[in-house]
Amino acid sequence: MKTAVSTSLTRRSVVAALALAAASTAVLPADNALAQAKKTTAEKSLYERLGGVFAIAAVIDHFSDAVVKNPIVGKKSRNPQLRKWHTKNLERLPGLKFMRTLWVCDVSGGPFKFVATKPGTTPLGLEEAHRDLRISPAEFDEVAAELGRTLDHFKIPKPEKTEVLEAFAAHKDEVTAGYVKRG
């Protein structure tokens, strides 16, 4: 149903643009009318293109459960802090899913705003929330890979998947700020 609606809206936009372009006596020149129609479609935020809060929440729910089960960063992680969090703090997982959903909604241009529970030096405060977990760059990359697998599971189109992963990757330094090389 959603695909039919999206296709229908796209067709309407194209038909409207063509009608405006064909009307040589229109207030806007034809080139501007077509550009205006393309602009409306292209200006949808990532939040809108992902399907809004309910679709984002479904992805986060699946992703969060997958991270807990992931052998590198979940319950069986070699990182003692991650292993402890994923075995002894799971009562906090519903709240974490909620906060992750707010974060994705916020960074993707949605109407919901994420406020860090432990503010840090960046507006989203990710370094303080993750510092005690001592997440290594390789562990961060595995979480990013898990996110990619989740986006594939939900058949997120490549352009949106790329944007989500780029937004995630942009915070790597914050999330790994507490990492101290083990050994």
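Lysine 155 is exposed in this predicted model, with a relative accessible area of 69%. Because exposed means over 50%, that value places lysine 155 in the exposed class. To find this residue, look at the loop between α8 and α9 (158–169). Its backbone deserves a glance too: lysine 155 has a positive phi of about 55 degrees, although it is not a glycine. Most residues other than glycine have a negative phi.

Is arginine 134 exposed or partly exposed? Its relative accessibility is 40%, so arginine 134 counts as partly exposed.

Two packed helices are described by the angle between their axes and the distance between the axes. For α4 (residues 52–69) and α8, the axes come within 9 Å and cross at roughly 135 degrees. The two helices are therefore oblique to each other, and their crossing is right-handed.

Which residues of α4 and α8 meet? On the α4 side they are Val59, His62, Phe63, Ala66 and Val67. Facing them in α8 are Val143, Glu146, Leu147, Thr150, Leu151 and His153. Sorted by class, this contact of α4 with α8 has seven nonpolar residues, along with three polar and one charged. Glu counts as charged, and Glu146 is on the α8 side of the contact.

Technical notes
Residues numbered from 1 in each chain as written. Predicted model: local features only at pLDDT ≥ 70, side-chain atom pairs only at ≥ 80, totals over all residues. Heavy atoms only, no water. Buried < 20%, exposed > 50% of the residue type's maximum accessible area, 1.4 Å probe, protein only. Helix = DSSP H or I, 4+ residues; strand = E, 2+ residues; numbered from the N terminus. Axes fitted to C-alpha atoms, helices over the stretch in contact; angles between N-to-C directions. Parallel < 35°, antiparallel > 145°, perpendicular 65-115°, else oblique. Left-handed = near helix turned anticlockwise from the far one by under 90°. Contact = heavy atoms within 4.5 Å.
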